[in-house]
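Subject: Structure for your review

Hello,

Here is the structure I said I would pass on. My notes follow below it.

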Amino acid sequence: MIDVQKLTIRQATDALKAKEFSVRDLVAACLSNVEARNPSLNAILTVNKDALAQAEQLDRSMSPALGSKLLFGIPIVLKDIFSTKGLRTTAASKVLENYIPPYDATAVRKLKEAGAIILGKANMDAWAHGSSGENSDFGPTKNPYDEERTPGGSSSGSAVALSSGMSLASTGTDTGGSIRLPAAFTHTVGIKPTYGRVSRYGIIAMGSSFDSIGHFTKDVYDSALMLSVTAGHDKLDATTATSKVPAYHALLNNPKLPKKLTIGIVKEFSQPGTDPKINAITQKAIKTMKNVGAEIVEISLPHVEYAIATYYILIPAEVSSNLGRMTGTRFGYPRDRFGNEAKRRIMIGTYTLSAGYYDAYYNKALKVRTLIKQDFDKAFEQVDALLCPVSPTLPFKLGEKANDPLAMYLSDIFVAPMNLAGVPALSVPAGSVDGLPVGIQFVTKQFNEELLYQIGYQFEQARGAITL
Amino acid sequence: MSNTPTRLTKDKVLNVAKLANLTLKNTEIEKLTGELSLILSYVGKLNELDTSDVTPTNQITGLINVTREDTVREETVLPPKDALANAPHKKGDFFEVEAVFTND
C-alpha cells in the first residue's frame, strides 16, 4: 500500500512516470486513508464519488512521461469554500448544506487542467470565520498530532487531510492567517500568496480585499509547483495581477542566496504572551538562517499592535456585505441557519458601516490599514524578507478559546498584519514541542514569491529533519 | 468612537439585526449584546492613533480602473436550468420570491 502520508507531489510524479503505481492506486490509497481516519478527524465533508473513475480515465488517457501537466494524477483536497461544478460546496455552513455550484472556481479549473484529481471538499470554520475549525457547522476537525487539540483554522480540514495522508496537497484561503496557522499546527507548508496573485473567482468571498488563495503541501518545492499552476491573471477577477507567473519550483536554487540576503526580525513581535518554547524555536530558525550566511536585522513595524483591531473592523464590514447575498432565494437555506460567529461578524460589520458610525470605525480602520501597509513597505526597503513566528501558542485544546471570541481573534496576532498589507508569506515547519508542531513564517514584499520560495527552500534544506 | 468601553443597548442590537436581515432569538440577544460590546470596545483601540493626515486604503493592489469590454463572456453565462438548479422555489424560468409590494 502506498504510504501517502510520507509521499510528496514530486515523488508521486516520479513514481507515476516510472509506472511504480498508477493514478488509480494513488487515489485508492488516499480514499482508504479517508475511510480509516475521517470518522475521528472530521477533515472531509464531501468525497468526490467519481475520483476513482477519473483516476482510471487519466491512467488510460496519456502517459505522464509525455504530458506537460504539472499535477498529473495528483489527488488534491479543496477547502469547501472553492466552488466545484456538480460537487456540493458548503463553506461548512448549514446555510449552504444543499448547495451544488453550477461552475468551477478558476483555481479549481486550473488545477483540473493541470491533471489533478479532486478527491473531496474539506471541513473549515464556517465562512472561513475562525482560527481553529471549531466554528464549523459540521463539527470541528481534530489535529492528527493530538486529537484533543485543534489543527488551526479556518482551513482546518485542508491542513489535516494533507497531514493525515488523505491527499498530496490541499487548497485553502488566507484572509487573516487561515492557511499559515493550520500549517504551523499540522507540520505542513502553507503559502499565503500576494493578494491578487491567484484568482478569487468562484471562491466564496469572506473579505474581498483580503482573501488570498493558497495551499498546503509537505515541502517547499511542492508548494512552489502548485503556485505555478494556480497563479496568474484572470479576466473574471479584476483584482488579479497581470504580471507573468514564473515557474517558481524551477527557481528554488538561487546561487546568489543567501549571500547579501538580509532578514528582518520584527521588534514588536517579541511580546510576553508568546510561549517561551515557541520563542526558542524561532530563535533556532534565526540561527539557521544566520548559519547559511543571511544577515539578521532588527526592524520595526510601529503600528502592528493595531493590526488585530483594524482587521476586526474591516473584516466584519466586508463579511456583512458579502454574506448579504445568502438570502435563501436563489440557492441555499434562509439566514436563520447562520452560526454564532457568522452572526457576530455580520452584526459588527453592519454596526460599523451604519450611519453615524462609519467614520469612527470603518473609515478610521481604512486609515490605519494605510499606516500598517506603509510599515511593511518601509521594512522591505531595509530587508529582503521578514522571519516571524506564526502562533503565540502551541496548538490549543478544543474548547479552550471557543467561548471567548476575543481570545480566538488574538490567535491571529502574527499572521493578520500581512493580510492588511497584501504581502505574501510562507509558513514552514520549524520544530516541535512535546510532539506538537511549531512553524515559522517568511514574508516578502508583494509579488516577490520567487524570493520567498528561495528563502523558504534554503531554510528547509538547512533545518534538517524534525522529529515529532 | 470614545476611549471608554462600548456598551450596546438591547434596542441598538435589535436595530442592527433588522438592518442585517437577521432574526435573533430572545435567548441570544443578551449574550450577543455582551460579546459585541466587548469586541467593539477592543477595536476602539484605534482611537489612540492620530490619523488626521492619513488617506484611507480601500485596496492594496495598486490597480486603478480595471475595465472590460461590455460584451457577453460566454464562460459566465448559465442556461436557465443550471441557474435555477439550486432554487428552493421556482416558477418556469424564474426564481419565486416573497412579494416586495403589497396591495395597500
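A salt bridge is taken here as a side-chain nitrogen of Lys or Arg within 4 Å of a carboxyl oxygen of Asp or Glu. Please keep in mind that this is a predicted model.

Salt bridges

By that rule, Lys235(A) and Glu75(B) form a salt bridge through their side chains, with N to O at 3.1 Å. Lys235(A) sits in the loop between α7 (220–230) and β7 (262–266) of chain A, and Glu75(B) in the loop between α2 and α3 (80–83) of chain B, so the pair joins two chains. Lys235(A) is exposed, at 59% relative accessibility, while Glu75(B) is partly exposed at 47%.

Another one links Arg344(A) to Glu35(B), at 2.7 Å from N to O. Both residues belong to a network of salt bridges that also includes Glu341(A), Arg345(A) and Lys31(B).

Within chain A, Glu56(A) and Arg24(A) are paired in a salt bridge, their closest N and O atoms being 2.6 Å apart. Glu56(A) lies in helix α3 (residues 51–61) and Arg24(A) in helix α2 (residues 23–41), so this pair ties together parts of chain A that are 32 residues apart in sequence. Glu56(A) is partly exposed, with a relative accessible area of 30%, and Arg24(A) is partly exposed at 33%. Lys112(A) makes a salt bridge with Asp104(A), the closest N and O atoms being 2.9 Å apart; Lys112(A) is partly exposed, at 37% relative accessibility.

The interface

How many residues of chain B are in contact with chain A? The count is 46 residues of chain B, against 58 residues of chain A. The area buried between the two chains is about 4900 Å², and carbon and sulfur atoms give 69% of that. In chain B, the residues that lose the most area to chain A are Leu46(B), Ile60(B) and Asn86(B), together 15% of what that side buries.

There are also 16 residue pairs in polar contact between chain B and chain A, counting those with both residues at pLDDT 80 or more. On the side of chain B that touches chain A, α1 (10–19) and α2 (26–43) of chain B each supply at least two residues. The largest share of that side, nine residues, comes from α2(B). By class, the side has 28 nonpolar, ten polar and eight charged residues.

Strand β10 of chain A

Eight of the nine residues of β10(A) (residues 425–433) are buried, so the strand is largely enclosed by the rest of the structure. Strand β5 (residues 189–192) of chain A runs antiparallel to β10(A) and is joined to it by three bridges; Ile191(A) has Leu426(A) as its bridge partner. Eight bridges join β10(A) to β11(A) (residues 436–443), also an antiparallel pair, with Val428(A) opposite Ile440(A). These two strands form a hairpin with two residues between them, and Asp434(A) in the turn has a positive phi of about 50°.

Ser411(A)

Ser411(A) is in the loop between α12 (405–409) and α13 (416–421) of chain A. Is this residue buried or exposed? Ser411(A) is buried, at 2% relative accessibility. A polar atom of its side chain lies 2.9 Å from the backbone oxygen of Met408(A). Beyond its neighbours within four places in sequence, Ser411(A) is in contact with residues including Ser131(A), Leu181(A) and Phe396(A).

Regards

Technical notes: Residues are numbered from 1 along each chain as its sequence is written. Chains are lettered from A and ligands numbered from 1 in the order in which they are written. This is a predicted model: local features need pLDDT of at least 70, side-chain atom pairs count only at pLDDT 80 or more; totals for chains, interfaces and linings use all residues. Side-chain values use heavy atoms; hydrogens and water are left out. Contact means heavy atoms within 4.5 Å. Buried area is the accessible area (1.4 Å probe) that two parts lose on being put together, summed over both. A polar contact is a pair of N or O atoms within 3.5 Å; within protein, one must be able to donate a hydrogen and the other to accept it, and residues adjacent in sequence count only if both atoms are side-chain atoms. Helices (H or I, at least four residues) and strands (E, at least two) are DSSP runs, numbered from the N terminus. Ala, Val, Leu, Ile, Met, Phe, Trp, Tyr, Cys and Pro count as nonpolar, Asp, Glu, Lys and Arg as charged, and the others, Gly among them, as polar. Buried means under 20% relative accessible area, exposed over 50%, partly exposed in between (1.4 Å probe, protein chains only). Two strands pair if DSSP finds at least two bridges between them.
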